[in-house]
Amino acid sequence: MHVIVVGGGISGLAAAHRLLAAGLRVTVLESNRRLGGKLHTGHVAGVQVDLGAESLLARRPEATELARAVGLGDALRPPAVTSAAIWTRGELRPMPQGQVMGVPDSAAALAGVLSDSGLARIARDAELPPLAVHEDVGIGQLVAERMGNEVADRLVDPLLGGVYAGDAYRISLRSAVPKLYEAVRKHDSLLAAVRSLRPEPSAAGARTPVFTGIEGGVGTLAAAVAEDVAGRGAVIETGVAVTGLRRTARGWVAALDDGRSLAADGVLLAVPAPAAARLLAAEAPAAAGELGSVEYASMAIVTLAFRRSELATLPRGSGFLVPAVEGRTIKAATFTSGKWDWAAAADPELFVLRVSVGRFGEEGALEWDDADLVRVALDDLGEAAGLRATPVDSVVTRWWQGLPQYTVGHDARVARVRGYLAGLPGLGLCGAAYDGVGVPACIGGAEQAAAELLRTLPTGPHGEAGE
């Protein structure tokens, strides 16, 4: 049996890995010249670093399990430091504890982060009428109604911004923080819902790092998976775009932009929602319409290398987040050489850090040239952290339409898409636009999509590649 995987990001590569394990023949087609998607390593001042995703959620096992399966188990590394800060009300302040995606379990931990009136507003949550969340709701909207806008703007927004580069008031509670969504449906107040999610002090999970990394960068995972699937016989083609899909009596035919067509028993689409919409327009127009409505945010990462001797005043910790209401250009900073021991050891005389720029609907800064982005990043770093040094090297990486927006109703939209596709055997769908934007979520979704595809493949004669 032969399956075409359209898309060579981590979702497509993970799906190919799963399909090969089931004994299928696999062809991976990637329109870009590079595999890996948002997992991408590069160099700044000779130090290899991530230019895309730079950490893995450790409490989801899919990414670490895949890393071990492709020989990277010994390269998994916890962060050297986990303390982060938030740049709010004119200062870098420690990230409050006892919160779930910025939603606090009390006002006590937020002293300094919020104004006195903002702190007082939190306690009113317990005095309001009982929660009545029956349908999906925007996280920021719910938090503002129950605890006030300051909590939504200065805590929830920057934390969600780090994940989705989106608007907290539009991001779906059900899709983005499903455990909190379930908790608010069982409790009378938001405070009580958050408290119910506190880990038990003795629980083993409480000792597990929230995030982990890979020596040399998370981007090495994509390269290792690609090498593994190629070594097990998968055909991988880059620089080849699929321009159309056609269902046949024997399976599927993919039209390619070089004039070829490939026939297969099944097709798994591991591409962003707009690309999937275009490919499904003929065979599944209703699904295509839903996918075409998924919005995306663009962002840029500015990676900077400094002489360590010139950074005596740089704060300790893994970095900081910036609320949109602060009016700054950068929305987050990660102190790479402080966070990851392997990055610090690569060149002990250098210190590498990165900042991210860009939120949903705010792409103007991404149009600036590299020098201007670096200059503005340095201005904000100077004000936030007292950084006055001149970088010895810099790299600007733009991720246009890189982050899908999980807006209110996202879960229902994805369910409708899958319902429309259920009548098309041999067709699967996976990627960051469906079940989570993090690397483990993408891998888990890809493995699940591959498993479901296997159950729908025909048992009779099947198509051959190279039609």
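In what order do the three strands of the open sheet lie, and is the pairing parallel or antiparallel? The order is E13-E14-E15, with antiparallel pairing, where strands (E, at least two residues) and helices (H or I, at least four) are DSSP runs numbered from the N terminus, and two strands pair if DSSP finds at least two bridges between them. This is a predicted model, in which local features need pLDDT of at least 70 and side-chain atom pairs count only at pLDDT 80 or more, while totals for chains, interfaces and linings use all residues. Residues are numbered from 1 along each chain as its sequence is written, and side-chain values use heavy atoms, leaving out hydrogens and water.

Select 242-248 and 261-264 to see the edge strands, E13 and E15, each of which pairs on one side only.

Next, select helix H10 (residues 273-280) and helix H11 (residues 285-292), whose axes come within 8 Å and cross at roughly 160°; axes are lines fitted to C-alpha atoms, for helices over the stretch in contact, and angles run from 0 to 180 degrees between N-to-C directions. H10 is therefore roughly antiparallel to H11, a term for angles over 145 degrees.

Finally, show the side chains where H10 meets H11 (contact means heavy atoms within 4.5 Å): Ala 273, Pro 274, Ala 276, Ala 277 and Leu 280 in H10 meet Pro 285, Ala 288, Leu 291 and Gly 292 in H11.

Terms used
Parallel < 35°, antiparallel > 145°, perpendicular 65-115°, else oblique.
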